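I opened the notebook today to look up a few things in this fold.

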Amino acid sequence: MKRLKFLLLFLISIHTAQAQDCEQQLEDAKRAYFNGNLSEVNKLLSDCINGELTHQERIEALNVLTNAALVLNEDKQGDSLMLLLLSEDPLLQLRSSDLEEFKRLYETYDIVTRFSVGARLGWNNPEYSIMSYHSYGSRTIEPEAYKSKTGFNAGAFGEVAVFRQLMVTAAINFQLHRYHQSEIILDYQEVSIDEKLSYLNIPLQLKYQFEILSFQPFVNAGMSFHRLLRANARLDLTPLEPDFLNPYIGIPKRVKNYNISDQRKNFTSNYSFGGGIRKQIGLFAVEVTANYEVGLNNLINTEERFGDPELYNTFSYVPDDFKMDHLRISVGVVRSFVKPRKKN
């Protein structure tokens with residue numbers, strides 16, 4: 001154990017000494033560059049450039065090496081060093097003290113996004129449409145319209161550039177949708193339902209992004225796939241006072257968080273399109289997005305419409321066939337991963 005500790009301390013001391021040596025050699029190289037001893041710059045930094053320098057020190061070293069190569073008319077070497085420099089520091093800002101040759105070489109490169117990852121949080125505004133009306137015994141031609149309630153969404157996403165400003169995007173979101181609906185049963189009872197639908201949403205889209213001033217507006221379109229996680233409902237059966245004496249109006253009944261997932265389809269899909277605007281801050285960005293999804297599927301599992309006797313025997317509830325469109329508005333934070341690319 002003592003020998004192992006000694007060996008570890010010895011290796012750490014060697015590493016520390018090498019780092020201190022490279023730090024000193026970087027200072028010597030910068031001094032040599034400003035003193036005009038350009039041939040010394042590469043000698044001083046050749047052993048350290050891939051080794052014991054910190055990230056910031058490596059940027060400084062590559063900057064000095066690039067400038068020295070350009071002064072010595074080693075254009076090919078300077079170009080290779082500029083590529084390394086921009087790979088290390090894609091947010092490099094030109095300084096007034098930089099050589100004109102350095103500035104011209106810098107202008108021959110673009111910084112392009114390889115891919116981005118991010119997270120979003122927002123809210124949903126659903127819109128429900130009855131496709132086919134079903135009832136236990138309603139005397140109304142149509143039930144009360146489904147009243148939408150605001151839900152929320154949260155998730156993560158990724159983007160991959162395929163051609164300049166065109167990207168393929170994918171996301172995984174948790175989405176909660178809610179609504180209220182009621183109808184009159186045989187003129188003397190009202191049945192109402194407040195339902196919560198929880199989905200795992202996976203949108204796949206093409207996205208086109210462009211530049212306006214310092215902002216990046218974008219549009220997107222594609223498909224969105226939904227996996228039902230759970231459908232819970234609060235069911236109320238309420239007797240109504242009749243216009244004439246009726247001894248069989250019943251008694252109030254209520255249940256909360258009743259699981260009706262079996263009556264809902266597990267998998268559905270929607271058309272999805274939208275857009276937004278992004279503000280880049282270094283390699284990070286903040287964005288606001290809006291997406292509208294057009295429901296393509298009946299949300300009801302028709303084979304299980306009467307699969308739970310408790311629902312229609314106790315609460316007189318029979319689900320309509322209905323679909324859901326919805327507007328999703330989100331705010332997000334994005335991290336971009338970039339690379340330098342030589343301009344054509």
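**Entry 1: the whole chain**

Among contacts in the protein chain between residues at least 6 apart in sequence, what percentage join residues at least 24 apart? I found 71% (contact means heavy atoms within 4.5 Å). Before going on, I noted that this is a predicted model, where local features need pLDDT of at least 70, side-chain atom pairs count only at pLDDT 80 or more, and totals for chains, interfaces and linings use all residues. Residues are numbered from 1 along each chain as its sequence is written, and side-chain values use heavy atoms, with hydrogens and water left out.

I then looked up the secondary structure and found six helices and 10 strands in the protein chain. Helices (H or I, at least four residues) and strands (E, at least two) are DSSP runs, numbered from the N terminus. Of the 344 residues, 40% are buried. Buried means under 20% relative accessible area, exposed over 50%, and partly exposed in between, with a 1.4 Å probe and protein chains only.

**Entry 2: the largest nonpolar core**

Next I asked which residues touch the most other members of the largest nonpolar core. They are V41, L45, M82 and L85, in a core of 28 residues. The term covers a set of buried Ala, Val, Leu, Ile, Met, Phe, Trp, Tyr and Cys residues joined through side-chain atoms within 4.5 Å. At least two residues of this core come from each of α1 (2-34), α2 (38-45), α3 (55-71), α4 (75-88) and α5 (100-106). The helix giving the most is α3, with eight residues. Apart from this core I found another, of 22 residues, including Y146, I185, V191 and L311.

**Entry 3: L45**

Is L45 buried or exposed? L45 is buried, with a relative accessible area of 0%. Not counting residues up to four places away in sequence, I see L45 touching Q25, L26, A29, A61 and L65. I also checked C22, which is 23 residues from L45 in sequence and 7.6 Å from L45 in space, C-alpha to C-alpha.

**Entry 4: two helix pairs**

Two packed helices are described by the angle between their axes and the distance between the axes. The axes are lines fitted to C-alpha atoms, for helices over the stretch in contact, and angles run from 0 to 180 degrees between N-to-C directions.

For α2 and α3, I read axes that come within 9 Å and cross at roughly 145°. This crossing of α2 and α3 is left-handed, a label used if the near helix is turned anticlockwise from the far one by less than a right angle, with right-handed used if clockwise. L38, V41, N42 and L45 of α2 make the contact with A61, V64, L65, A68 and V71 of α3.

For α3 and α4, the packing angle is about 160° and the axes are 8 Å apart. That makes α3 roughly antiparallel to α4; angles under 35 degrees count as roughly parallel, over 145 as roughly antiparallel, 65 to 115 as roughly perpendicular and the rest as oblique. The crossing of α3 and α4 is left-handed. The α3 residues that meet α4 include R58, L62 and L65, and among their α4 counterparts are L81, M82 and L85. By class, the contact of α3 with α4 has nine nonpolar, five polar and three charged residues.

**Entry 5: two strand residues**

N220 lies in strand β6 (residues 215-239). I found N220 buried, with a relative accessible area of 10%. Leaving out residues up to four places away in sequence, N220 touches Q205, L206, K207, F273, G274, G275 and N291.

V338 is in strand β10 (residues 321-342). Between V338 and P90 I read 248 residues in sequence and 7.3 Å in space, C-alpha to C-alpha. Apart from its neighbours within four places in sequence, V338 is in contact with P90, I111, V112, T113, R114 and L283.

**Entry 6: positive phi**

Most residues other than glycine have a negative phi. I looked up N73, whose phi is near 65°, a positive value. N73 lies in the loop between α3 and α4 and is exposed, with a relative accessible area of 63%. L213 also has a positive phi, near 55°. I located L213 in the loop between β5 (189-209) and β6, where L213 is exposed, with a relative accessible area of 83%.

Note on methods
Nonpolar A, V, L, I, M, F, W, Y, C, P; charged D, E, K, R; others polar.
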